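Visitor: Could you walk me through some of the aromatic rings here? I'm new to this, so please keep it simple.

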Amino acid sequence: MRASRYHLFTLKENPVDAEIISHQLMLRSGMIRRHAAGIYSWLPLGLRVLRKVEQIIREEMDRAGALELLMPSFQPAELWQESGRWDQFGPELLRLTDRHNRDACIGPTHEEIVTDIFRREVNSYRQLPLNFYQIQTKFRDEIRPRFGVMRSREFIMKDAYSFDIDKDGMQHSYDVMDQAYIAIFDRFGLEYRAVNADSGAIGGSTSQEFHVLADSGEDAIAFSSEGQFAANIETVEALPPTGERAAPGATMQSVDTPGMHSIEALASGLKVAPQKCLKTLIVDADDDGLIALILRGDHELNTLKAERLDGVASPLRMAQRDKIKQVLGNDIGSIGPVGLTIKRYVDHSAAAMSDFVCGANQDDKHLQNVNWGRDCDEAVSVDLRNIIDGDPSPDGKGQLRILRGIEVGHIFQLGQKYSESMQSSVLDMQGKTVAPFMGCYGIGVTRIVAAAIEQNHDDRGIIWPAALAPFMLAICPINYHKSAAVKEAADDLYQRCRAQGVNVLLDDRALRPGVMFSDMDLIGVPHRIVLSDRGLGAQQFEYKGRSDQDAQDMPFDNLTSLIDKLVCDPCDTVS
């Protein structure tokens, strides 16, 4: 590819509305352009990277025995009504009506469509197992699209769906996809973790997320310092503290705490550590009453765990302030377990505390030196909180460590959730009608590109893993339009690289060397060769790897071995 014939339009400054590094660099390098909130075009440079991601995914999905198809974005409402998700999915589902007044949606996912395909095409166990996949545009009407293509409304996803006659078959298909995903992410060249996860709106039982590790990641993932355990922080069990609870050491007393409505303010005002305080959160019950969730002051509520508790409304809702005042008689900042009459759940760590500080159930008052059993009813404890760094690992092997991750893949065991609700069935070996067991396997294709940048960049621009780089080699000739010798050498090297299948970019634009080098660093080309009259006279070229601190002069005899090491790219077909 010649830069003069390529749409390479770069920006020097970060756009003001770009919040994270990947968004900034994708706009600055000319990979994407925004049209509306969460809606982007992929320009030629970005599309090259996107196609490389898709190519790796296709190769590994095909190798795993999955069959590619293409399903419609426009989906009839009746299919979603059959599965029960038309009303369940929420406002992220973009609903519309066609000219015939028929309800439909723009697909955020394709479980309903693929189940409809299956029930029309398959009727016997002899046709199983089956695994269909596609790489296709999705739409989710995010309330607040942000971070560029990381959380956009329109995006590209690889989604696959397996069908098996029984649970054992579903498990086997799931395991095959697990290995395929490992192969895919290994080939991307990214640092990632596979973690146990919650199935969320997709449904089903077992599920696993794949996270690219990055400091900017929205998700916290936990892994054992010594074992193989890894999971999304939302799903990790927080084990109860070991050992006996300390005996009471002082008499309970009431203290005035005007304006101290947060744990931080309370701890500061009373000069105690947050872990010596209790916080009591009031949520709605499913019978329109109230339930108290009690945690240690330095811990955070895990909403998934709370939603699973008997009597708690789902989805979890914090109770309205007026309702709390009406039922309990005091404001939300002064609630505690002493004399509390509503149903309560106490986290394991909170139940292990003694001589703690808590609300007095009177406005602007708290209690010090409170103890379970002596001053308030003994707590029956449950797991309510998010784990923190240093907690014991649930597998008993070491401690938990927490990293930030960007979710880029998710695999599910759906079971018969969709096949039963949509009356999809096949005949088994005994001639009986059974609903197939399904699996679902997604990869955020556009999100992979952004995640790769979040993990691999410096102050000059993108540092692509070799498998994803839009170009592997940049040839930067100095005075290309003024020196016949430099032009001839650059053109010869360019044709030589192309003949050997190297994905090469010849920067034949009339630019100063510094501008050329900055552009190549910004777009992340892994290897750079500079040709100049001085170098030609000395039979040398200048070489610099994208991550190298300094360039080095090399003899022309080294060109052959260098070119041989560069990755071939079948996408590079334009001269």
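Guide: Let's start with a term: buried means under 20% relative accessible area, exposed means over 50%, and partly exposed is in between, using a 1.4 Å probe and protein chains only. This is a predicted model, where local features need pLDDT of at least 70, side-chain atom pairs count only at pLDDT 80 or more, and totals for chains, interfaces and linings use all residues. Residues are numbered from 1 along each chain as its sequence is written, and side-chain values use heavy atoms, leaving out hydrogens and water.

Visitor: Is Phe89 buried or exposed?

Guide: Phe89 has a relative accessible area of 15%. The cut-off for buried is under 20%, so Phe89 counts as buried.

Visitor: How are the rings of Trp80 and Phe89 paired?

Guide: Rings of Phe, Tyr and Trp (its six-membered ring) pair if their centres lie within 6.5 Å; planes under 30 degrees apart are stacked, over 60 edge-to-face, and the rest tilted. The structure holds ten aromatic pairs. For Trp80 and Phe89, the centres are 5.5 Å apart and the planes at 85°, so the pair is edge-to-face.

Visitor: And what kind of pair do Phe118 and Phe163 make?

Guide: Both Phe118 and Phe163 are buried. Their ring centres are 4.1 Å apart and their planes at 5°, so the pair is stacked.

Visitor: Which ring has the charged end of Arg528 over it?

Guide: A charge sits over a ring if NZ of Lys or CZ of Arg is within 6 Å of the ring centre and within 35 degrees of the ring normal. The charged end of Arg528 sits 4.1 Å from the centre of its ring, and that ring belongs to Phe517.
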